[in-house]
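Welcome! Let us walk through a protein model together, step by step. Keep the sequence and the 3D view open as you read.

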Amino acid sequence: MQYTSQTHAHKQGILFALTAVLLWASLATLGVRLRHVPPFLLTGLGLLVGALVAIPMSRGKWQAWRVAPITLLVGVVGLFGYHALLFAAFQLAPAIQVNLINYLWPLLIVVLAPLYLPNLPLRMVHIAAALLGFAGAVLALVDGAMATGVSLVASLSGSTLLGYALAAIAAWFWASYSLLSRRVPTYETVAVGGLCLCAGLLSLCCHWLFEPRVTLSLQDWLLIALLGLGPLGGAFFVWDAALKRTDPRTVGLLAFLTPLLSTTLLLFNNGQMPSVLLALATAMIMGAAIVGTRTSSKS
C-alpha cells in the first residue's frame with residue numbers, strides 16, 4: 001500500500017515538473033521582449049503578479065501563507081536573486097548564450113543534490129544522464145545560435161562577460177533554492193505566494209533605490225502579466241509541488257527539456273524553423289530524462 005502511494009506521488013511529481021517546464025519555456029522569450037525594462041522593476045512586477053496565483057488557492061485561509069523565518073529567507077533570496085540576475089544578464093549579453101549558461105541549473109540540481117541533501121547519493125548513472133542531458137541542451141542552443149546567426153563564442157566585452165557571469169550565478173541560485181526547499185521546515189505549496197509577494201516588494205524597493213524610472217506601454221503590462229501568471233508565478237507552485245513529491249534529481253533531469261523548448265520559442269520569435277540538429281538534441285534530452293527518472297525512482 002505504501003509502495004503504491006509512493007509511486008502515485010512520484011508520478012504526480014513528474015507531471016508537476018513537466019508543467020513547470022512548459023511554463024518556464026516562455027521565460028527567455030518574454031525576458032528578451034522585455035529587456036528594455038530595468039531588471040529589478042521587471043522582477044518585482046512579475047513576482048507580484050505571480051503572488052496573485054496563490055489567492056484562489058488559499059480559499060481565505062491566509063494562515064497557510066505562514067512559513068518559518070529560514071524558509072522565508074531561502075525563498076525570498078532564491079526568487080529575488082535568480083530572476084534579477086537573469087534579467088540583468090539578458091540586458092548585457094546575447095540571449096542564446098545567456099540561456100545556455102542559465103540552464104546549467106538542472107545539471108547543478110543533479111550534481112549538488114548529495115551536497116545539500118546527504119540522504120541522496122550521487123550514482124554514476126545520474127552523472128551520465130546529467131551530462132547527456134546537458135550535452136543535448138548545449139546542442140539545442142548551438143542550433144539556436146546557428147539559426148539566428150549569432151556566434152556561440154561571441155567576442156567578449158566587459159558587459160558581455162558580466163552578463164555571462166550573472167547568468168552562471170543565477171543558475172547556482174536556482175539550483176540552491178530548489179534543493180534547500182527540501183531542507184527547510186515543511187510548508188504548504190500555497191505559501192509560495194507569500195514568498196513571491198515578499199521577493200517582489202524587495203525587488204521594487206531595489207528598483208526605487210538603484211534604477212532609473214521608466215514608462216511602460218500597454219504591451220509591456222500585458223507581457224508582464226503573462227510573465228507573472230506563467231514562468232514567474234504559476235510555475236513556482238507546480239515546481240514546489242514536484243519537489244515535495246519526487247526525487248529532486250528526477251526533477252532536475254526533466255528540467256533539461258526547458259532549454260530545448262525555450263530555444264524553440266526563441267527561434268519561432270525570430271521567424272526561424274527548428275532543424276535536424278534540434279531533433280537530435282530532443283532525443284538526447286528525452287533519453288537523459290527517461291534514464292534519470294527511472295534510476296532516481298529506484299534509489
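Helices (DSSP runs of H or I, at least four residues) and strands (DSSP runs of E, at least two residues) are numbered from the N terminus. This is a predicted model, in which local features need pLDDT of at least 70, side-chain atom pairs count only at pLDDT 80 or more, and totals for chains, interfaces and linings use all residues. Residues are numbered from 1 along each chain as its sequence is written, and side-chain values use heavy atoms, leaving out hydrogens and water.

**The overall picture**

The protein chain has 14 helices and zero strands. Its pattern, read along the sequence, is α-α-α-α-α-α-α-α-α-α-α-α-α-α. Of its 299 residues, 53% count as buried; here buried means under 20% relative accessible area, exposed means over 50%, and partly exposed lies in between (1.4 Å probe, protein chains only).

The accessible surface of the protein chain is about 13300 Å², and carbon and sulfur atoms supply 71% of that. Such areas come from the Shrake-Rupley method with a 1.4 Å probe, and for residues only the protein chains shown count as cover.

A contact means heavy atoms within 4.5 Å. Among the contacts in the protein chain with a separation of 6 or more, 91% are between residues 24 or more positions apart.

Now find Thr-189, which sits in the loop between helix 9 (158–180) and helix 10 (192–210). Is Thr-189 buried or exposed? Thr-189 counts as buried because its relative accessibility is 17%.

Which residues does Thr-189 contact, leaving aside its neighbours within four places in sequence? They are Phe-237, Asp-240, Ala-241 and Lys-244. With Asp-240 there is also a polar contact between the two side chains, at 2.9 Å. A polar contact is a pair of N or O atoms within 3.5 Å; within protein, one must be able to donate a hydrogen and the other to accept it, and residues adjacent in sequence count only if both atoms are side-chain atoms.

Asp-240 has another partner to look at: Asp-240 forms a salt bridge with Lys-244, with the closest N and O atoms 2.6 Å apart. A salt bridge is a side-chain nitrogen of Lys or Arg within 4 Å of a carboxyl oxygen of Asp or Glu. A search of the whole structure finds one salt bridge. Both Asp-240 and Lys-244 belong to helix 11 (residues 218–245), where they are four residues apart, about one turn of the helix. Asp-240 counts as buried because its relative accessibility is 3%, whereas Lys-244, at 39%, counts as partly exposed.

**Looking at the cysteines**

A disulfide is a covalent bond between the sulfur atoms of two cysteines. The cut-off used here is a pair of cysteine sulfur atoms within 2.5 Å. How many disulfides does a search of the whole structure find? The search finds zero. Cys-198, for example, is in no disulfide, and the nearest cysteine sulfur, that of Cys-196, is 9.6 Å away. Cys-198 counts as partly exposed because its relative accessibility is 36%.

Cys-205 is partly exposed, at 45% relative accessibility.

Cys-206 lies in helix 10 and is buried, with a relative accessible area of 12%.

**Pairs separated along the chain**

The table lists C-alpha separations for some pairs of residues.

| Pair | Residues apart along the chain | C-alpha separation |
|---|---|---|
| Gly-78 and Ala-175 | 97 residues | 9.0 Å |
| Thr-264 and Asp-143 | 121 residues | 9.6 Å |
| Cys-206 and Leu-41 | 165 residues | 8.1 Å |

Gly-78 is found in helix 5 (residues 69–92) and is buried, with a relative accessible area of 4%. Apart from residues up to four places away in sequence, Gly-78 touches Phe-173, Trp-174 and Tyr-177. Thr-264 lies in helix 13 (residues 257–269) and counts as partly exposed, at 27% relative accessibility.
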